[in-house]
Amino acid sequence: VLRVFLVLDRSDRRFCIYLFPLFFSILIRVDTTRRRGNPLTGALRPPSSIKIASTLRGRAVTRGDSNPDLAGSAAAGIGLGGPSSGSGGLGSRSNRSAAALTAGRPFAHLTPSSSPMGALFRSEDMILVRLYFERVAAHDTVDELGKLGMVQFKDLNPDRSSFQRAFSNDIKRCDEMQRRLRFLEVQVTALDLGKVEDVGDMDMPVRLDDLDLHLHTMEKNILEMNDHWNSLNQQHNELVELRHVLEKAAEFFHDAPRAQSAAYGSLGILDPIGGDGSGSFRGRLTDVEPSISGLRRGWSTEVASNLLSFYTGVIGRERVASFERILFRATRGNCFVRFAEISEQLTDPSSGEMVKKSVFVVFFSGNEIRVKVGKICAAFNASRYPFPEEHHEQVAALASCQARLLDLSRIIETTSQQRANTLSDVAGKLESWKWVVKREKSIYHTLNLFNFDTSNKLFYAEGWCPVDAIGDIRQALETGRRKSNAQVPSVLEERSHGHETPPTHFKTNRFTQVFQSIVEAYGVAQYHEVNPAPFSIATFPFLFAVMFGDVGHGTIMTLFALYLILAERRLAKQKLNEIMGFAYTGRYIIFLMGLFSIYTGLIYNEVFAIPVDLFRSRWKFTEGNSMACGINECDDPKLALPPANPYPLGFDPIWKGSDNGLVFFNSYKMKLSIIFGVAQMVLGICLSYMNAKFFKEPLDVFYQFIPQMILMNSIFGYLVVLIILKWSINWNSDACKNDPTCIAPDLKNVLIGMFMSPGHVPDELRLYRGQGSVQLILLGLALISVPWMLFPKPLLLKARHDKARGYRPLSNEVDTVGHVDDDEVDHTDHGKPFDFVDAFVNQMIHTIEFVLGTVSNTASYLRLWALSLAHAQLSDVFLEKVLLLSLSTGNVVAIAIGFSVWFGATMGVLMGMESLSAFLHALRLHWVEFQNKFYNLHGAGTKFIPYSYTLLQAEEEA
């Protein structure tokens, strides 16, 4: 037995106890004497005890008569009120009774005299308040209210755009600060400092001006350091490329032929290298200087008398082939190109990525070709570098390049360390700075919702808050006034909200939050409407477990959820992936689903699809008969007598291996699904009665609740009675054997015959005397309930509207254009003008939907049977065709492979896909079949979203 006690509120005057069958503790007694034929097809006896002991206990809030001498009597009525004085020109809080403060419920003309509000069963009592405070105290007051998180402010400037509001410039400044923080965050992330402990204080009293100046300076310094860093890296990359050019080109010229001058001073022939072995190209080198200043300036080295020139440089390796082909075509073959691959990867200056490059040398003659070659090098983004002709100049250039590389590496290392230290300091305070700016921005956004009274130099704001938070709000106002050293005290005035509907607020904790979120995913409850969440705490995991019943699978789910619960503080600080984040959010509902699955698994007697003989089977097979007999009744096996005592808990394990076990399980689970479905839908109709009674809607009670109960119970409630009655009859008793008409009827045919042949019941479908008369009466009630739901309510609403129009205001209460004041016009429950056609059409749609839903919703609960059957059969297939088949081979490798496949299928298919399927089906049963009977019948409400730093931090983490 699961007992859930939910405290509904804190008043000591009344208690509201709502009984609901959270789940059924079913002790199944299998007695095969109740069926004819195979003893293993016995029907079920009714459980010896069905314990329905889950109770919702709560206390009702009853507003007593408040003292009219106290301002804010509603607060005084719950022990929070007291005299409060305002300042000149602001007005004091008016004296109101509790009834006046409860005016303006969602149903304006139906205000209950007492409101049994609970923390979860019904939403909290809300009140509209107006706050007055000095301009100097505005910032600190909003800051304290944000820490409290109990006020939802209204926008008092709806006609003004965001640019016309008072604090738009402050918001722009916060946006700019957030941009700088994002820039710093990118820099810290790119540096990859690892996990840096945040040393900032989230609540540090930092001035926004100081932080803005600090961030501006920090951004400027980081940008300068980045520019210097990029410049150093670019120089280092160019020096590395120059070093490779000097090394590779020297090899080219070492192998090149020697130029000999003719007698007339022109180029003669190209001979091999002379006897000096210098390997130099004997010509005149112009404008060659081994310094970095000449890089990327189109260096060319020309031979004496402009006979031959060459370019040296570096190009990407993937462009070598196209570069050589274009040079050949552009110069018509009048150039010679040599390439040498560079072993190490170099940095591409345009993209910053590491790429493979090659050194090239292009030989050509003539100025026209030199211009073409230069343009082609620029088009291919090739870097050109100078190369001296003489050997000693080459050695000097290489030595100079290496020396500069060494100096530059030291400078880069120092700069890198300085940059890392600066960003490390930023990383330690980045999160606290982001929170401070986000908090300040939210404060200015909130201040833009307020109005400023120029005559009294005061801000005033309006908002919703729970009634029991009035004292805390007053304390926050006083704290904000003291922090800002304001002279005028801040004032809280309680106001009447008229026809405006207050927002809906439920107090939840870590356990109940997930169930409330599931309910609100369907729709937000109306103000003071019955909340399905308390019932879903038990019904949701139980219906899931009906479809997922297995002790082994439930244990895995429970242990996984238990780990998430025990490690919730550590996991809350980590960045979880999407799937793990969903599991962490629903850890408590997963825990309950696992526990309930263990319970239903004990009923089904399945542990990873293996039946467990905990109490010794009450059946046994003998050689004298193919059918089993009771362990104490096998003296004559041919009689196949049942056991004297049934299996004490759940199903007897012998059913798992019997030929007709599947037929028996299907019959049991299908009937049980109908019972659970009808019980939950009847509960939903009863909750609609609680809503109608609370809001004093007699029309909903007499013309919706009563006919709906009659229609549901006259058909499917009667079917549940037939199921229990059939279970309670011993169809294999001696009296039944001697009676030829004593045959177990097919309940489907009984229900069909109830409509097709009213009043007539064949002998083979009869369960009790007078069955035909009872079914005829129930059918008549079901037919009467349909027009009962359809016609009276819209007609009575029209009569009420006509009666109200007979008492319209006289001419002196009508304005000059002939319109009646909006407050004097008769309205429907939702504050809209009454229209009979709309009312009748809506009632007709509601009636048709309920009548059709009575059948479709009941049939929808058969998914409990279908999903349970699918889960059991999949478990059997994985067990028999994978694990047991591999065990039968006796091969260690086959057993290991079979166990791995079975474990993977169990975790992936059953624990993953099957559990998700059962979850979604349980969700549908609660949303469509249960909640639509009473929840959001008159439209959804408005969720209470206070200005809260806690919610602000949750949004930031999300």
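Let's start at Val841, which sits in helix 22, residues 836-860. Helices here are DSSP runs of H or I, at least four residues, and strands are E runs of at least two, numbered from the N terminus. This is a predicted model, where local features need pLDDT of at least 70, side-chain atom pairs count only at pLDDT 80 or more, and totals for chains, interfaces and linings use all residues. Residues are numbered from 1 along each chain as its sequence is written, and side-chain values use heavy atoms, leaving out hydrogens and water.

The cut-offs: buried is under 20% relative accessible area, exposed is over 50%, partly exposed is in between, with a 1.4 Å probe and protein chains only.

Next, Ser626. It lies in strand 18, residues 625-630. Ser626 counts as exposed because its relative accessible area is 65%. Pro637 is 11 residues away from Ser626 in sequence and 9.0 Å away in space, C-alpha to C-alpha.

Now the annotated spans. The unreviewed UniProt entry marks "transmembrane region" at several places, including 542-567 and 882-903. Such annotations may be inferred rather than shown by experiment; positions follow the numbering used here, and feature names are shortened. Residues 542-567 are 88% helix and 0% strand, with end C-alpha atoms 25 Å apart. Residues 882-903 are 91% helix and 0% strand, yet their end C-alpha atoms lie 10 Å apart.

Finally, the whole protein. It has 25 helices and 18 strands. Of its 958 residues, 48% are buried.
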